[in-house]
Amino acid sequence: MNDSKIIVALDYAEANAALQLVKQLDPALCRLKIGKELFTAAGPELVIRLVHEGYSVFLDLKFHDIPNTVAKACEAASRLGVWMLNVHAAGGSAMMRAARAAVDQAPVPPLLVAVTVLTSLDQTALDEIGFAGDLSSTVLRLAKLAKTCGLDGVVCSAQEAPMLRHELGAEFNLVTPGIRPADAGMDDQSRVVTPAMAISNGSSYLVVGRPITQAADPLAVLQRINREIAALPQITA
Ligand code: C5P
């Protein structure tokens with residue numbers, strides 16, 4: 001069974017480039033994330049193919065619409081056999097509850113997680129939108145709302161993970177991007193943490209893109225990250 005905490009971000013413009021990378025990986029050692037760019041270009045066929053190859057797929061489409069529309073989109077995503085999908089918490093509680101109910105109709109319901117505040121938004125941007133309060137209290141408020149609506153977790157930065165783990169308990173999934181092995185460059189990420197730091201901070205799953213996808217030997221980097229995590233003392237709370 002795949003118990004990998006690493007989700008490789010397939011940030012590619014088309015299916016062939018993504019498949020070139022995937023054939024160097026192993027479904028027992030990682031999961032895969034398909035976002036808006038690749039899904040828009042390659043469609044559900046690629047998702048179905050990767051699921052059939054044995055990969056756990058996180059469909060990162062961040063649904064945000066009226067409850068009925070999001071519920072139908074979640075149903076369609078569940079039918080593809082994905083392992084995880086997400087919605088925007090800012091879509092509100094009725095939308096998140098509708099998403100939950102839709103996902104639960106699947107024979108094997110995918111994990112349903114929420115985006116709280118996009119990490120591209122700073123305090124000024126939040127003020128412009130009209131969100132009350134500071135950034136971290138907004139993240140916490142939306143994460144609590146997601147949990148109340150029955151969602152399985154949130155996408156968050158590893159910096160937010162200790163606070164969210166403390167407030168939301170051991171079972172709530174925290175999915176964290178912005179991961180860089182100690183020997184990797186930063187790319188365009190500004191606040192990065194190592195895989196070991198992210199897990200120690202309470203992350204459940206780590207989204208890793210370029211450190212693996214741009215590596216000369218992607219499998220070797222993946223194996224090194226898995227070993228780094230496996231060497232950590234078990235966290236019990
Ligand atoms: O290449 P890199 O490891 O930076 O890729 C990170 C992935 O996580 C990308 O797919 C990016 O869109 C996504 N992501 C992120 N920051 C967020 C949410 C998602 O970097 N706050």
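Tutor: Start with glycine 209: one of its backbone N or O atoms lies 2.8 Å from an oxygen atom of the ligand. The protein covers 79% of the 470 Å² of accessible area that the ligand has on its own; such areas come from the Shrake-Rupley method with a 1.4 Å probe. This is a predicted model, where local features need pLDDT of at least 70 and side-chain atom pairs count only at pLDDT 80 or more, while totals for chains, interfaces and linings use all residues. Residues are numbered from 1 along each chain as its sequence is written, and side-chain values use heavy atoms, with hydrogens and water left out.

Student: Which distance separates a polar side-chain atom of arginine 180 from an oxygen atom of the ligand?

Tutor: The distance is 2.8 Å. For lysine 33, a polar side-chain atom lies 3.0 Å from a ligand oxygen.

Student: What makes the pair of serine 56 and arginine 31 a polar contact?

Tutor: Their side chains come to 3.4 Å. A polar contact is a pair of N or O atoms within 3.5 Å; within protein, one must be able to donate a hydrogen and the other to accept it, and residues adjacent in sequence count only if both atoms are side-chain atoms. So 3.4 Å passes the distance cut-off.

Student: Why is serine 56 called buried?

Tutor: Its relative accessible area is 14%. Buried means under 20%, exposed over 50%, partly exposed in between (1.4 Å probe, protein chains only). Therefore serine 56 counts as buried.
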